[in-house]
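Biologist: Please take one part of this model and look at it closely. I would like the core and the charged residues beside it, with cut-offs stated.

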Amino acid sequence: MLVAGDQAVVPSTVAFADGTAATVHGHTLRVWDPGSDAVTRFATIARFGVSPSHVTSGRFRATTGQEDRGSVVDAAGDPLVVAGTVSTEVDGVPLELLAVRSAVHHGAARLQLIVQDATSALPEDDPGSSYSMGRFLYLDDPGADAPGADAPGADAPGADDSGAEVLLDWDRLVLPPCAFSYQFACPIPPEQNRIPVPLRAGERHPVDATGTVLH
């Protein structure tokens, strides 16, 4: 049997008689087992409380498409497309975060921040902790609707040298796929996205019915 990878014109989806299914990523066959420990134990996602104070303003500055090339890589080691930087301030600490381009979501272009913060370093049974490998924050791309926005380094509408204004709602921090299963590998946050203060916002851990972290 020949199985076509995810780069093929028609990628394969593999199904097994016992109800498991699989996809192909590069040269890797990923098998999805509905009876796995992670699936059967999963109950909910623990998260921090929501607060208006978790929203910070920032400025997005686009790159030319050449800066920082290769500084952020995916789980396979392939470079992600760096879109620019987002400057903001959290608990009085100024930050300059690297943003990569994300997949289009509901027809809209988005940016992705891959971040760790001080809650990531806490023991997972600490009520103030979050997933140790970090979390994702997605932002609307402020330059997506600008004329020529698909050109490297295109500025957002109305932006000047100081960049385009963006809002960062940290309550929208989400867990990466690897928080749910060791079979996933996630990108490591770049050094400048390792935030030295706690972000007590957004999703924390996937947990079972007793509140125990899945892994």
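Modeller: What follows goes from the basis of the model to the core, then to the charges and rings.

This is a predicted model, in which local features need pLDDT of at least 70, side-chain atom pairs count only at pLDDT 80 or more, and totals for chains, interfaces and linings use all residues. Residues are numbered from 1 along each chain as its sequence is written, and side-chain values use heavy atoms, with hydrogens and water left out.

Confidence comes next. pLDDT is the predictor's confidence in each residue, from 0 to 100. The protein averages 84. A score of at least 70 is reached by 84% of the residues. Residues 146–159 stay under 50. For that stretch the model has 21 contacts beyond four places in sequence, a contact being heavy atoms within 4.5 Å.

Now the core. A nonpolar core is a set of buried Ala, Val, Leu, Ile, Met, Phe, Trp, Tyr and Cys residues joined through side-chain atoms within 4.5 Å. Buried means under 20% relative accessible area, exposed over 50%, and partly exposed in between (1.4 Å probe, protein chains only). The largest such core has 20 residues. Val86, Leu113, Leu137, Leu139, Leu168, Trp170 and Ile195 touch the most other members. Two or more residues each come from strand 6 (82–90), strand 7 (93–101), strand 8 (110–115), strand 9 (135–140) and strand 10 (164–169). Helices (H or I, at least four residues) and strands (E, at least two) are DSSP runs, numbered from the N terminus. Another core, of six residues, lies apart from the largest one. Val72, Val100, Ile114 and Phe136 are among its members.

Take Leu139 as the way in. Beyond its neighbours within four places in sequence, Leu139 contacts Val86, Ala109, Arg110, Leu111, Leu113, Leu167 and Leu168. One of these partners is charged: Arg110. Lys and Arg count as positive and Asp and Glu as negative, while His and the chain ends are not counted.

Arg110 sits in strand 8. Arg110 is buried, yet it has no salt bridge. A salt bridge needs a side-chain nitrogen of Lys or Arg within 4 Å of a carboxyl oxygen of Asp or Glu. The nearest side chain of opposite charge is Asp140, 6.2 Å away. Outside four places in sequence, the contacts of Arg110 are Val100, Arg101, Ser102, Ala103, His105, Tyr138, Leu139, Asp140 and Asp141.

Two of those contacts, Arg101 and Asp141, do form a salt bridge, with the closest N and O atoms 2.7 Å apart. Asp141 lies in the loop between strand 9 and strand 10, and Arg101 in strand 7, so the pair ties together parts that are 40 residues apart in sequence. Asp141 counts as buried at 13% relative accessibility. Arg101 is partly exposed at 36%.

The whole structure has five salt bridges. Another one joins Arg172 to Asp169, at 3.6 Å between the closest N and O atoms. Arg172 is exposed at 58%, and Asp169 is partly exposed at 24%.

Tyr138, a contact of Arg110, also belongs to an aromatic pair. Rings of Phe, Tyr and Trp (its six-membered ring) pair if their centres lie within 6.5 Å; planes under 30 degrees apart count as stacked, over 60 as edge-to-face and the rest as tilted. The count is two pairs. Phe136 and Tyr138 have ring centres 6.3 Å apart and planes at 85 degrees, so they are edge-to-face. Phe136 is buried at 8%, whereas Tyr138 is partly exposed at 28%.
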